[in-house]
Amino acid sequence: MDFISQMNSVLDQLEASKEEPSVLITIGTGAKCFCSGFDLKYWALNPVNMLLSLVEFQKVLARFLELGIPSMAVFNGHAIAGGAFLGMVHDRIIMNSDKKFIIQLNELTFGKAPPYSYIRILKETTSPRVGRTLLMGTKLSPSEAERLDLVQALYSNDSELEKEI
């Protein structure tokens, strides 16, 4: 829930700002992962934690969709489950081209289906074919994600990243 609180804090600051930012860029801080989704250990502590996390993250995703300024997600590594959904609510996604990184909705692999509101995000941000591919838990490489227009550009080094931004 700390991540969700941090995202809400950033969005609160943007919405309260008198200055008009030109773009919001969301990038992971780790070397291997943009965002790997929810904290499953936190969910295991109490069944209510899962429900609270899903509802609060849904609110964050809705805030991104209604933000009113251009946004870009930079997948600097893996984008798994909630991390993929976080990227999809941005206007543009660019991704590290290293083939070891993937985009995957892995909910079905451990017996969970994404909530309806998350499936609506898929419907609004991807083609039906891409949505079905993701819902089946398919691991997409950066080049596959670009071919399917899930990501709009790839980068392989800092210079290319800066150019895309």
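Two strands pair if DSSP finds at least two bridges between them, and strands here are DSSP runs of E with at least two residues, while helices are runs of H or I with at least four, both numbered from the N terminus. The legends below describe a predicted model, where local features need pLDDT of at least 70, side-chain atom pairs count only at pLDDT 80 or more, and totals for chains, interfaces and linings use all residues. Residues are numbered from 1 along each chain as its sequence is written, and side-chain values use heavy atoms, leaving out hydrogens and water.

**View 1. An open sheet of four strands in parallel pairing.** Follow the strands in the order β1-β3-β5-β7. From one strand to the next, the twist averages 20 degrees.

**View 2. Strand β1 beside strand β3 (residues 71–75).** Four bridges join this pair in the parallel sense. To find your bearings, look for T26, whose bridge partner in β3 is A73.

**View 3. S71 in strand β3.** Is S71 buried or exposed? S71 is buried, as its relative accessible area is 4% (buried means under 20%, exposed over 50% and partly exposed in between, with a 1.4 Å probe and protein chains only). Beyond its neighbours within four places in sequence, S71 is in contact (heavy atoms within 4.5 Å) with V23, L24, V89, H90, D91 and R92.

**View 4. Helix α1 (residues 2–16) against α3.** Their axes come within 10 Å and cross at roughly 25 degrees; axes are lines fitted to C-alpha atoms, for helices over the stretch in contact, and angles run from 0 to 180 degrees between N-to-C directions. The two helices are therefore roughly parallel (angles under 35 degrees). Their crossing is left-handed, that is, the near helix is turned anticlockwise from the far one by less than a right angle. On the α1 side the contact is made by F3, I4, M7, N8, L11, D12 and E15, and on the α3 side by S53, E56, F57, V60, R63 and F64. By class, this contact has seven nonpolar, two polar and four charged residues (Ala, Val, Leu, Ile, Met, Phe, Trp, Tyr, Cys and Pro count as nonpolar, Asp, Glu, Lys and Arg as charged, and the others, Gly among them, as polar).

**View 5. Helix α3 (residues 47–65) with helix α5 (residues 116–125).** Here the axes come within 10 Å and cross at roughly 30 degrees. L54, F57, Q58, L61 and L65 of α3 meet S117, Y118 and I121 of α5. The contact has six nonpolar, two polar and no charged residues.

Notes. Angles under 35 degrees count as roughly parallel, over 145 as roughly antiparallel, 65 to 115 as roughly perpendicular and the rest as oblique.
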